[in-house]
Amino acid sequence: MERQVWQAGFKSIYPVLIGYIPLGMACGMLLYDAGFSIPAIFLMSLLVFAGASQFMAASMVVMGVTASAIITMVFFLNLRHSLMSSSMSRYVKKSSVPFILLFSHTLADEAYAVNYNQFQNHDWTAQKALAANLWAYLTWSISTAIGGWIGSTLAINTTIMNYVLIAMFIYLLVNQLVSKLVVFVGLFSGVVSIILMVVLKHNIALVIAAILASFVGYFADSYLTKKKTKEKGWAQ
């Protein structure tokens, strides 16, 4: 991969990386407190690469939940990645199979948001998108390992990291508010998330809300596209 491609990927995703460093370190500290060794924390980040799942796994290990239950919850929590990969497939479908496998493995929520925005509005390529993914992937994995090392030497309150996570997602959301449809889907997902959290009282509500919002956005976009096409046909 050329140097310019790495630079383009970094330039697009560096605000996310700034958020990843303290968040990854917090995740590493929590995993260390849960009993993971530093090599295990680094390996988990390389293999799973899903912050929410790793935070959840740390909590479930502390509660004494079985490995099968943790794996099952991580599976369902990460199901949204299949939707994100499907959305990105049209941009990387001409790439080789190893490229697509690596791209899929390193695609997280934040990298998806950045790449989707870049593909919509700029001269973006699959190579640049993979570079952005890899910057996020390596930053997160190394940060969690450093967090594990810090956790082995210091006792730090990680409550403030909740605000870092929220700030990072607000940044990603604001970057994507480019149309009325996106604003509508954002508001819809927020309202549904609140309602489901009140009813279900579990974080799975956020996953369900994300899936519902994705379907609503997809069908609304399809309807509007067909309507515009029909109007153009009549106009001609």
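Analyst: Let us begin with a pair of side chains in this predicted model. Phe10 and Tyr14 lie four residues apart in helix α1, so about one helical turn separates them.

User: How many aromatic pairs does the structure hold?

Analyst: There are ten aromatic pairs in the structure. For Phe10 and Tyr14, the ring centres are 6.2 Å apart and the planes stand at 25°; the pair is therefore stacked, since planes under 30 degrees apart count as stacked.

User: What describes two packed helices?

Analyst: In general, the description consists of the angle between the axes and the distance between the axes. Here, helix α1 (residues 3-33) and helix α2 (residues 38-48) have axes that come within 10 Å and cross at roughly 125°. The two helices, α1 and α2, are therefore oblique to each other. The crossing of α1 and α2 is right-handed.

User: Which residues make the contact?

Analyst: Helix α1 contributes Gly28, Leu31 and Tyr32, and helix α2 contributes Ile38, Ile41 and Met44. By class, the residues of this contact are five nonpolar, one polar and no charged.

User: Where does UniProt place the feature "transmembrane region"?

Analyst: The unreviewed UniProt entry places it at residues 12-32, 52-79, 130-150, 156-174, 181-200 and 206-224. In the model, residues 130-150 are 100% helix and 0% strand, with end C-alpha atoms 30 Å apart. Residues 181-200 are likewise 100% helix and 0% strand, and their end C-alpha atoms are 27 Å apart.

Conventions
Residues are numbered from 1 along each chain as its sequence is written. This is a predicted model: local features need pLDDT of at least 70, side-chain atom pairs count only at pLDDT 80 or more; totals for chains, interfaces and linings use all residues. Side-chain values use heavy atoms; hydrogens and water are left out. UniProt positions are given in the numbering used here, feature names are shortened, and annotations may be inferred rather than shown by experiment. Axes are lines fitted to C-alpha atoms, for helices over the stretch in contact, and angles run from 0 to 180 degrees between N-to-C directions. Angles under 35 degrees count as roughly parallel, over 145 as roughly antiparallel, 65 to 115 as roughly perpendicular and the rest as oblique. A crossing is left-handed if the near helix is turned anticlockwise from the far one by less than a right angle, and right-handed if clockwise. Contact means heavy atoms within 4.5 Å. Ala, Val, Leu, Ile, Met, Phe, Trp, Tyr, Cys and Pro count as nonpolar, Asp, Glu, Lys and Arg as charged, and the others, Gly among them, as polar. Rings of Phe, Tyr and Trp (its six-membered ring) pair if their centres lie within 6.5 Å; planes under 30 degrees apart count as stacked, over 60 as edge-to-face and the rest as tilted.
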